[in-house]
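Here is a short tour of one model for you to follow on screen. Have the sequence and the 3D view open side by side as you read.

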Amino acid sequence: MNNFTVEAIELTRLYGGRAAVSDVSFNLAKGQVLGFLGPNGAGKSTTMKMLTGNLAPSLGSVKICGIDMMEDPKEAKKLIGYLPEMRPLYKEFTVDEYLTVAARLHNVDRKQIKKAVEIAKERCGLGHMSKRLIENLSNGYQQRVGIAQAIIHNPMVVILDEPTVGLDPVQIRDIRALIKEIGQEHSVIVSTHILPEVEMVCDHVQIIDQGKLVFNGDIDVLKRQRMGNKLLVGFNKMPELADVAKIKGVADVELAENNMMRIRIAEGAEPHEAIVKAAVKNGWGLYQIAPDQTSLEDVFIQLTYQDGAQEKAA
Ligand code: ADP
């Protein structure tokens, strides 16, 4: 028996012979927040539907806390809370009425329903909204109600599909804080196409492209990749490119914007000190040496659109 809350084992889903999801495997542990990223049509929703037991895989299996979704879907589903992209809200209900119905649908013990509603409201900052009709709530508060219904039965796994789409910046900040808080007690999977959101909220990232996982790893690995292996260097007196290229640990060098040079560092090398020394020795007037940050978007594009991207999957 392992400690995984979610095990996706070689998941494949075919549509008319074409694989929308192909051989996707990963595990999630308690307390992890996994960001699930991918371009449109990559297979995110199809994977989510298989994880939540709403779609049968063509091949492979899903286990929730060790329970096989195909063999015992009722028990496995009890352990999941799900907020689909289209919020399943009854807008003519008050918050209390709706969450009471949600608790019943999730088979919360009748005697425990009132307490479960109170706890979910408190966790989602909805305490003062109990008697309000959902249709009169702001978009951000409606999203909180959507999340409250997903956690009302205190599930082990919470799956949120695009939870911050359509919210304003303050609402986005609040919902992200809420997701982080939920992540401390549950396993959370957040599907999103907003890259900074993944950096802010998740500790683990998966990138899916054309049905295949092209990245599966710690957020720090993605951040390191973002920091890249390049330096942006500014000289008052521009040296010849060839002279900079000769410095030990420099793989190559090119001219960059604002009269600077972009230096690519050789694998495993740290040429910073040698660059400074060469600049002093030759009077190049070094005024800046800093890591050249690749944008997260660039990392994403490198992973999803480059040849051989699949080979990078962990
Ligand atoms: P994402 O959520 O990443 O945008 P989807 O999982 O919705 O991607 O879709 C993945 C691929 O599967 C797409 O090419 C989509 O057209 C296809 N697909 C999704 N659902 C169906 C379906 N019911 N029938 C046929 N093809 C589908």
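## Contacts to the ligand

In this predicted model, a polar backbone atom of alanine 42 sits 3.1 Å from an oxygen atom of the ligand. Glycine 43 also takes part through its backbone, with an N or O atom 2.9 Å from a ligand oxygen atom. Threonine 46 uses its side chain instead: a polar atom there is 2.5 Å from an oxygen atom of the ligand. Taken alone, the ligand exposes 570 Å², and the protein buries 59% of that.

The residues around the ligand include Tyr15, Arg18, Ala20, Pro39 and Asn40, as well as Lys44 and Ser45. Strand 2 and helix 1 each supply at least two residues of this shell, and helix 1 gives the most, with 3 residues.

## Helix 1

Helix 1 spans residues 44–51 and is mostly covered, with 6 of its 8 residues buried. After the helix comes glycine 53, with a positive phi near 75°.

Which strands does helix 1 lie across? They are strand 1 (4–15), strand 2 and strand 4, and the helix runs at about 125° to strand 1.

Four of them form an open, antiparallel sheet in the order 2-1-4-5. Strand 2 (18–29) and strand 5 (67–68) are at the edges with a single partner strand each, so one side of each has no neighbour in the sheet.

Strand 4 (residues 59–64) is joined to strand 5 by 2 bridges. Lysine 63 has aspartate 68 of strand 5 as its bridge partner.

Terms used. Residues are numbered from 1 along each chain as its sequence is written. This is a predicted model: local features need pLDDT of at least 70, side-chain atom pairs count only at pLDDT 80 or more; totals for chains, interfaces and linings use all residues. Side-chain values use heavy atoms; hydrogens and water are left out. Buried means under 20% relative accessible area, exposed over 50%, partly exposed in between (1.4 Å probe, protein chains only). Helices (H or I, at least four residues) and strands (E, at least two) are DSSP runs, numbered from the N terminus. Two strands pair if DSSP finds at least two bridges between them. Contact means heavy atoms within 4.5 Å. Axes are lines fitted to C-alpha atoms, for helices over the stretch in contact, and angles run from 0 to 180 degrees between N-to-C directions. A residue is near a molecule or strand if one of its heavy atoms lies within 4 Å of it. A polar contact is a pair of N or O atoms within 3.5 Å; within protein, one must be able to donate a hydrogen and the other to accept it, and residues adjacent in sequence count only if both atoms are side-chain atoms. Accessible areas come from the Shrake-Rupley method with a 1.4 Å probe; for residues, only the protein chains shown count as cover.
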